[in-house]
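Hello,

Here is the structure I promised to pass on. Please open it first, then read my notes below.

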Amino acid sequence: MGSMARVKAPEVSTGNVVRDSPMGLVPETVDQIARLNGTIWEQGVRPAILEVMRLRNARTVNCVFCKSVRYDVAKNDGLTEDRVAQIRDGHQDSSLPEEEKAALAFADVYLKDPKSMTPALWARLRKHFTDRQIAIMAIGLGTFNAASRCAVSLGGMPEDNLPVMEISVPQ
């Protein structure tokens with residue numbers, strides 16, 4: 001691990017970065033978060049959309065591990081590293097598809113000031129997503145944000161840049 005853990009990590013190593021961090025002290029919770037995360041990806045929002053939102057959250061929270069992960073389903077849905085590189089401040093002026101720009105605008109408002117949702121943003125979202133999809137996106141952001149904030153605040157996760165790694169959606 002790169003950073004000094006503020007809470008002691010489990011004594012037994014599993015080889016899993018999350019389970020070997022302080023979050024692993026409560027494996028039942030980690031299991032539930034992983035299940036919820038896995039379920040989100042099966043609810044009818046394109047995986048590439050969820051992934052750009054998850055990565056925007058990772059950059060906002062500065063979770064090094066989360067920033068390095070790419071879910072296989074998003075890559076299979078066409079998400080490329082070129083598009084990932086555009087998930088930054090100023091993404092509205094990027095060449096990302098409008099659907100992804102709307103999702104990122106939603107993520108920014110959700111992560112920074114949820115009550116600042118404007119009628120214009122709602123209209124923009126509804127051009128691309130159903131109300132159910134928007135709700136799934138919000139639940140996804142809440143899940144991604146809770147897990148990454150917990151990992152970063154407890155410490156013990158890598159602090160240095162990690163290579164990009166593709167993983168499968170948790171089952």
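L25 is found in the segment before α1 (27-40). This residue is partly exposed, with a relative accessible area of 45%. Together with V7 and V26, L25 forms a nonpolar patch on the surface. The three have about 220 Å² of accessible area together. Bear in mind that this is a predicted model.

Now the inside. The largest nonpolar core has 33 residues. Those with the most contacts inside this core are I49, M53, F106, L125, F129 and M137. The largest share, eight residues, comes from α6. There is also a second, separate core of five residues, including A58, C63, C66 and V69.

F129 is worth a click. Leaving aside neighbours within four places in sequence, F129 is in contact with I49, E99, A103, I134 and M137.

Next, the aromatic rings. The whole structure holds four aromatic pairs. In one of them, W41 and F144, the ring centres are 6.2 Å apart and the planes are at 40°, so the pair is tilted. W41 sits in the loop between α1 and α2, F144 in helix α8, 103 residues apart. Both W41 and F144 are buried.

F106 and W122 make another tilted pair, with centres 6.5 Å apart and planes at 50°. F106 lies in helix α6 and W122 in helix α7, so the pair ties together parts 16 residues apart in sequence. F106 is buried, with a relative accessible area of 5%, whereas W122 is partly exposed at 30%.

Finally, W41, Y71 and F144 form one aromatic cluster.

Best wishes

Key. Residues numbered from 1 in each chain as written. Predicted model: local features only at pLDDT ≥ 70, side-chain atom pairs only at ≥ 80, totals over all residues. Heavy atoms only, no water. Patch = residues over 30% accessible without salt bridge, like charges linked within 9 Å, V, L, I, M, F, W, Y side chains within 5 Å. Areas by Shrake-Rupley, 256 points an atom, 1.4 Å probe, with all protein chains shown as cover. Salt bridge = Lys/Arg side-chain N within 4 Å of Asp/Glu carboxyl O. Helix = DSSP H or I, 4+ residues; strand = E, 2+ residues; numbered from the N terminus. Buried < 20%, exposed > 50% of the residue type's maximum accessible area, 1.4 Å probe, protein only. Core = buried A, V, L, I, M, F, W, Y, C linked by side-chain atoms within 4.5 Å. Contact = heavy atoms within 4.5 Å. Phe/Tyr/Trp six-rings, centres within 6.5 Å; stacked < 30°, edge-to-face > 60°.
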